[in-house]
Amino acid sequence: MREFILSNGIKACIKQNKNTPRVALVLNISINKEEKYAGEYSLMNRLLLKGTEKYSSEELATILDENAIELYTEMKSDYLRVRFTCLNEDFEKAISLMSDIVLNSTFEEAEKEKVKLKGELMAELDSAKVKLSDLFTKTIYKNHFYGHSYTRILEEIDNITKDDVINSYKTILNSGKKTIVLVGDIEENGLIEKYFGMLPKSINQESEISSPETLNQEYAEIIKEDANQAQILQGWRVGTVNDEEYPMLMLLNIILGASGLSSRLFLELREKKGLAYTVRTSYETHMKSAVFSIYIGTEPTNIQTSIDGFKEEIEKIKNIPVSEEELHNAKNNLIGKQQFLSETNTQQACIMAYYSIMDKPFNYRDTVIERIKGITSKELQECANKFFNDKYVLAIIKP
């Protein structure tokens, strides 16, 4: 692994993986300001691939298709990701196209994309699970940028103009910290500097995105008359990737509900009590906040029983030390998942660029894995007691 700094201050890293036929490159640009209207950044992301000063959107699509170049832009809560995967011999063609898109996108078809985005979001919201997630997100991040859910976007998208999108993109490009990761069996011979050395300087400025308001216990409910079952989502604000509890929260997620058939919630609520087909937990972290949540889909008559089941399992993890056997199995499960999710060059590039944009070393995943190996039952218990309190959001959709 070789790290270096471009002439404009961008941190870059090259990881050589010998005998791999495809190379992956990821550029992350941090977002330091909240969007003016909900959906502005989502629309911007969609328009980035709608043509440049040199190529129309159709020409761009044709070039990518003919050369088997997979090029994507992805809008995350704290950064914009632009990435490609291509055959080693097409690397310069791919990096030149990516540079052109980042520097010279024309953001054409803004009104057309707005209509398409609205239609897609409304179709998504027909799903009870999506509607529940939307309700939960805008409740746990009330009055905050992270709470710009699908329904919030639909409320505000018509206010967004093409000029808003262009101005937001210029702000992100000019004021954001940038990091680049290249993974594959290739000698880049200065091409990263050639094609990205002319980007605006990478600025490591303090984010203007505020921390979310203090969370109190909140209950949110939607009655969906055509729903076949009840959907329940309960969540707490917890530590982020920048907190010392990050590895413990990852491990708690595995123990409680993210390890499938062997997780506690699956065994207790599905296998023993027959409350649901699906029950799981998730841990989603942003720069300024993170959420640990529990989900279940169940019969409407089982709503209170399911909520009581959540509480029972949370109290167990807080008050009864995890056995050495369960702890050992959970660590192996989590480390195995981490390795499975970093098998390809693209996966590795995305993980390394993610940690870098979050102010961590490129190889921080290795540090996290080593930390996971040393976590004790006592540390897990202390982490659970710190975050699993009565300040949570409970969101329910029911017929």
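Predicted model: local features only at pLDDT ≥ 70, side-chain atom pairs only at ≥ 80, totals over all residues.
Q: How many helices and strands does the protein have?
A: Helices (H or I, at least four residues) and strands (E, at least two) are DSSP runs, numbered from the N terminus; here there are 15 helices and 11 strands. The radius of gyration, taken over C-alpha atoms, is compared with a globule rule of 2.2 Å times the number of residues to the power 0.38; the protein has 22 Å, close to the 21 Å that the rule gives for 399 residues, so it is as compact as a globular protein of that length.

Q: Is Val23 buried or exposed?
A: Buried means under 20% relative accessible area, exposed over 50%, and partly exposed in between (1.4 Å probe, protein chains only). Val23, placed in strand β3 (residues 22-30), has 0% relative accessibility and therefore counts as buried. In the protein, 55% of the 399 residues count as buried.

Q: Which residues is Val23 in contact with, leaving aside neighbours within four places in sequence?
A: Contact means heavy atoms within 4.5 Å, and the partners of Val23 include Phe84, Cys86, Phe91, Leu182, Ile186 and Asn345.

Q: At what angle do α9 and α15 pack?
A: Axes are lines fitted to C-alpha atoms, for helices over the stretch in contact, and angles run from 0 to 180 degrees between N-to-C directions; under 35 degrees counts as roughly parallel, over 145 as roughly antiparallel, 65 to 115 as roughly perpendicular and the rest as oblique. Helix α9 (residues 246-258) and helix α15 (residues 377-387) pack at about 90°, with their axes 10 Å apart, and are therefore roughly perpendicular to each other. Met248, Leu249, Leu251, Leu252 and Ile255 in α9 meet Glu379, Leu380, Cys383, Ala384 and Phe387 in α15.

Q: What is the arrangement of α12 and α14?
A: The axes of α12 (residues 324-340) and α14 (residues 364-373) come within 10 Å and cross at roughly 170°, which means that α12 is roughly antiparallel to α14. Among the residues making this contact are Lys331 and Leu334 of α12 and Arg365 and Ile369 of α14.

How values were computed:
Residues numbered from 1 in each chain as written. Heavy atoms only, no water.
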